[in-house]
Amino acid sequence: MKNKLVFATNNIHKIEEVSSILNDKIELLSLKDIHCNVDIPETANTFEGNALLKAEYIYDNYQLNCFGDDSGLEIEALNNEPGVYSARYAGEDKNSLANMQKVLSVMEGEKNRKAQFRTVISLILNGKKYFFEGTIKGEIITKERGESGFGYDPIFVPEGYNKTFAELGNEVKNKISHRAQAVDKLCKFILSLEK
Ligand code: IMP
């Protein structure tokens, strides 16, 4: 029988991304698959803390091996804000356009445009905790460019490129992104245990 692993998310894109790397070696389950309808609270003030809250919730309530993730944008000139508040920077309705507008307005006239996206994955395997991290450095431009992706993609240009994530498109983005790097580390670790 194949080993089962829960990804504490209902985001279908994230499930597909990890499933495709794990191939058919491990059966990946979403929250829906295990009939968990709870919106697990993200009340920690670090990515590590929030990722762990999700994994612990599943491990404690379902006794299943699992992992959770948390990501966000850290802007150097803003003391790494919006950070864990990235989704709700401009308000609880989690409006991406409003979030981007807020960043652009807070950064108006700011010379230091350095920023990074960061993802932390927390895995609980047979009671043991592991963390995997991915970051991508870049800068915040002064006006949105590009149509693809989500969140802050139209205002973030990764280092070594002159296009925003939203202009580069998902094919390029998914090879270099913070999430791709963290997922890659997680999958390499899991696959190494399967050998
Ligand atoms: P999550 O933890 O992956 O759901 O990300 C939380 C928030 O961070 C999102 O709602 C976005 O505002 C922002 N974010 C995370 N990853 C990305 C990305 O790849 N592009 C743009 N925004 C992102």
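The lining of the second largest pocket comprises five nonpolar, three polar and two charged residues, where Ala, Val, Leu, Ile, Met, Phe, Trp, Tyr, Cys and Pro count as nonpolar, Asp, Glu, Lys and Arg as charged, and the others, Gly among them, as polar. The structure is a predicted model, in which local features need pLDDT of at least 70 and side-chain atom pairs count only at pLDDT 80 or more, while totals for chains, interfaces and linings use all residues. Residues are numbered from 1 along each chain as its sequence is written, and side-chain values use heavy atoms, with hydrogens and water left out.

Pockets and cavities were located on a 1 Å grid over the protein atoms alone: a cavity is a set of points where a 1.4 Å probe fits but cannot get out, a pocket is an open set with protein on both sides within 12 Å along at least five of seven lines, and lining residues have an atom within 4 Å of a point. Grid points are joined across faces, edges and corners, and a volume is the space filled by probe spheres set on the points. The second largest pocket has a volume of about 180 Å³. Its lining consists of Asn3, Lys4, Leu5, Ile26, Asn65, Leu125, Asn126, Ile190, Leu193 and Glu194, with at least two residues from each of β1 (3-7) and α5. Helices (H or I, at least four residues) and strands (E, at least two) are DSSP runs, numbered from the N terminus.

The largest pocket holds about 1300 Å³ of space. Of the 41 residues that line the largest pocket, Asn11, Lys14, Ala87, Phe150 and Arg179 lie nearest its centre. At least two lining residues come from each of α1 (12-22), β3 (66-75), α3 (96-106), α4 and α5, and β3 supplies the largest share, five residues. By class, the lining of the largest pocket has twelve nonpolar, 16 polar and 13 charged residues.

One cavity of 30 Å³ or more was counted, and the largest cavity contains about 30 Å³ of space. Phe7, Lys14, Glu17, Val18, Asp69, Ile121, Arg179 and Val183 line the largest cavity. Two or more of these residues come from each of α1 and α5, and α1 gives the most, three residues. The lining of the largest cavity divides into four nonpolar, no polar and four charged residues.

Helix α4 (residues 165-176) has twelve residues, but its end C-alpha atoms are only 10 Å apart, short of the 16 Å that a straight helix would reach at 1.5 Å a residue; the expected span is 1.5 Å times one less than the number of residues. Buried residues (under 20% relative accessible area, 1.4 Å probe, protein chains only) in α4 are Phe165, Ala166, Leu168, Gly169, Lys173 and Ile176. Their cover includes β5 (114-125), β6 (128-140), β7 (156-158) and α5 (178-194). Lys173 counts as buried because its relative accessibility is 3%. Apart from residues up to four places away in sequence, Lys173 touches Phe150, Asp153, Phe165 and Arg179, a contact being heavy atoms within 4.5 Å.

Six aromatic pairs are present, defined by ring centres of Phe, Tyr and Trp (its six-membered ring) within 6.5 Å, with planes under 30 degrees apart counted as stacked, over 60 as edge-to-face and the rest as tilted. Phe117 and Phe165 form a stacked pair, 5.8 Å centre to centre with 15° between the planes. This pair links distant parts of the chain, with Phe117 in strand β5 and Phe165 in helix α4, 48 residues apart. Both Phe117 and Phe165 are buried. Phe117, Phe156 and Phe165 form one aromatic cluster.

Conventions. Buried means under 20% relative accessible area, exposed over 50%, partly exposed in between (1.4 Å probe, protein chains only).
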